[in-house]
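Work through the exercises below with the model in view. Try each task before you read its solution.

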Amino acid sequence: MIKNKSAVVISSIIFTLITLAIIWHNIKPISIVIQAGHEGRQTGNTGSSLGKIKEVDWNIYIADEVAKTLNKWGLDVKRVGADPKPIKCKVAVAIHFDGSSRVCKSGASIGYPNSKSKALAKRWESNYRAYFPFNWQRDNFTRNLSDYYGYKVIKADKFLVLELGEISCKKQIKWLKPRLKTIAHLIAATIAKEFGYNAYIKLK
Ligand SMILES: [Zn+2]
């Protein structure tokens with residue numbers, strides 16, 4: 001009889017602990033969300049392209065590399081596509097490349113929704129300007145940047161939408177293509193600094 005009673009108590013404790021673990025898993029805040037722009041979209045805005053080079057493929061490559069690098073540095077990251085379920089986090093970064101009908105007139109730029117994100121945007125700008133040798137557009141220069149659709153589903157204290165260059169410009173593609181990994185590491189380092197982690201990225 002006593003044996004049965006303690007078995008009931010033990011199984012109740014185990015049940016409670018499992019329930020609490022599941023609840024915590026669902027409500028615990030995530031530090032970083034990395035979004036690959038246009039990923040998973042079949043219709044609507046599926047991204048820019050030039051010949052065989054598609055923006056979405058480059059976005060996915062960079063987003064994966066950023067997430068992998070931040071994980072390696074011990075930071076918790078969620079990697080999402082274009083249309084994730086609603087999510088909350090401290091820092092969100094969406095990866096894009098621009099396409100322009102005025103070929104080679106565009107370049108890199110940043111979008112962000114609030115003044116809280118601005119210091120982080122400026123840090124990214126100074127890091128990337130030291131590397132990227134083409135045009136810079138002013139912040140939030142298109143509605144795609146200032147009213148980014150992701151702001152509604154990804155609730156972040158700080159949110160950056162990065163346009164990493166112009167995919168409709170052959171000259172920029174030629175420069176960007178061999179440097180995608182380094183660019184991803186530079187993004188990861190910029191984000192990690194927000195969480196007190198200092199990484200040095202050799203720009204090659
Ligand atoms: Zn895009």
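**Exercise 1. The disulfide**

Which residues form a disulfide, and how far apart are their sulfur atoms?

Solution. Start with the ground rules. This is a predicted model, where local features need pLDDT of at least 70 and side-chain atom pairs count only at pLDDT 80 or more, while totals for chains, interfaces and linings use all residues. Residues are numbered from 1 along each chain as its sequence is written, and side-chain values use heavy atoms, with hydrogens and water left out.

Step 1. Apply the cut-off: a disulfide is a pair of cysteine sulfur atoms within 2.5 Å. Cys 104 and Cys 169 form one, with sulfur atoms 2.0 Å apart. A search of the whole structure finds one disulfide.

Step 2. Cys 104 is in the loop between strand S5 (87-98) and strand S6 (108-111). Cys 169 is in the loop between strand S7 (154-166) and helix H6 (170-176). The pair links distant parts of the chain, 65 residues apart. Helices (H or I, at least four residues) and strands (E, at least two) are DSSP runs, numbered from the N terminus.

Step 3. Read the torsion. About the S-S bond of Cys 104 and Cys 169 it is about 95°, so the disulfide is right-handed.

Step 4. Check accessibility. Buried means under 20% relative accessible area, exposed over 50%, partly exposed in between (1.4 Å probe, protein chains only). Cys 104, at 34%, is partly exposed. Cys 169, at 2%, is buried.

**Exercise 2. The zinc ion**

Name the protein donors of the zinc ion.

Solution. Step 1. Take N, O and S atoms within 2.8 Å of the metal (3.2 Å for Na, K and Ca); water is not among the atoms, so sites may look incomplete. The donors are His 38 (NE2), Glu 55 (OE) and His 96 (ND1), lying 2.1 to 2.2 Å from the ion.

Step 1. Read the spacing along the chain: H-x16-E-x40-H. His 38 is in the loop between strand S1 (30-36) and strand S2 (49-50), and His 96 is in strand S5, 58 residues apart.

Step 2. Check accessibility again. His 38 is buried, at 6%. His 96 is also buried, at 6%.

**Exercise 3. Aromatic pairs**

How are the rings of Trp 58 and Phe 97 arranged?

Solution. Step 1. Rings of Phe, Tyr and Trp (its six-membered ring) pair if their centres lie within 6.5 Å; planes under 30 degrees apart count as stacked, over 60 as edge-to-face and the rest as tilted. The structure holds 13 aromatic pairs.

Step 1. Trp 58 and Phe 97 are 5.3 Å centre to centre, with 75° between the planes: edge-to-face. Trp 58 lies in helix H2 (residues 55-72) and Phe 97 in strand S5, so the pair ties together parts 39 residues apart in sequence. Both residues are buried.

Step 2. Compare Tyr 128 and Phe 132. Their ring centres are 5.1 Å apart and their planes at 25°, so this pair is stacked. Tyr 128 is buried, at 0%. Phe 132 is buried too, at 2%.

**Exercise 4. The sheet**

In what order do the five strands of the open sheet lie?

Solution. Step 1. Two strands pair if DSSP finds at least two bridges between them. The order is S4-S1-S5-S7-S6, with mixed pairing.

Step 1. Find the edges. Strand S4 (77-80) and S6 each pair on one side only.

Step 2. Look at S6 and S7. Four bridges join them, and they run antiparallel. Ala 108 has Leu 164 in S7 as its bridge partner.
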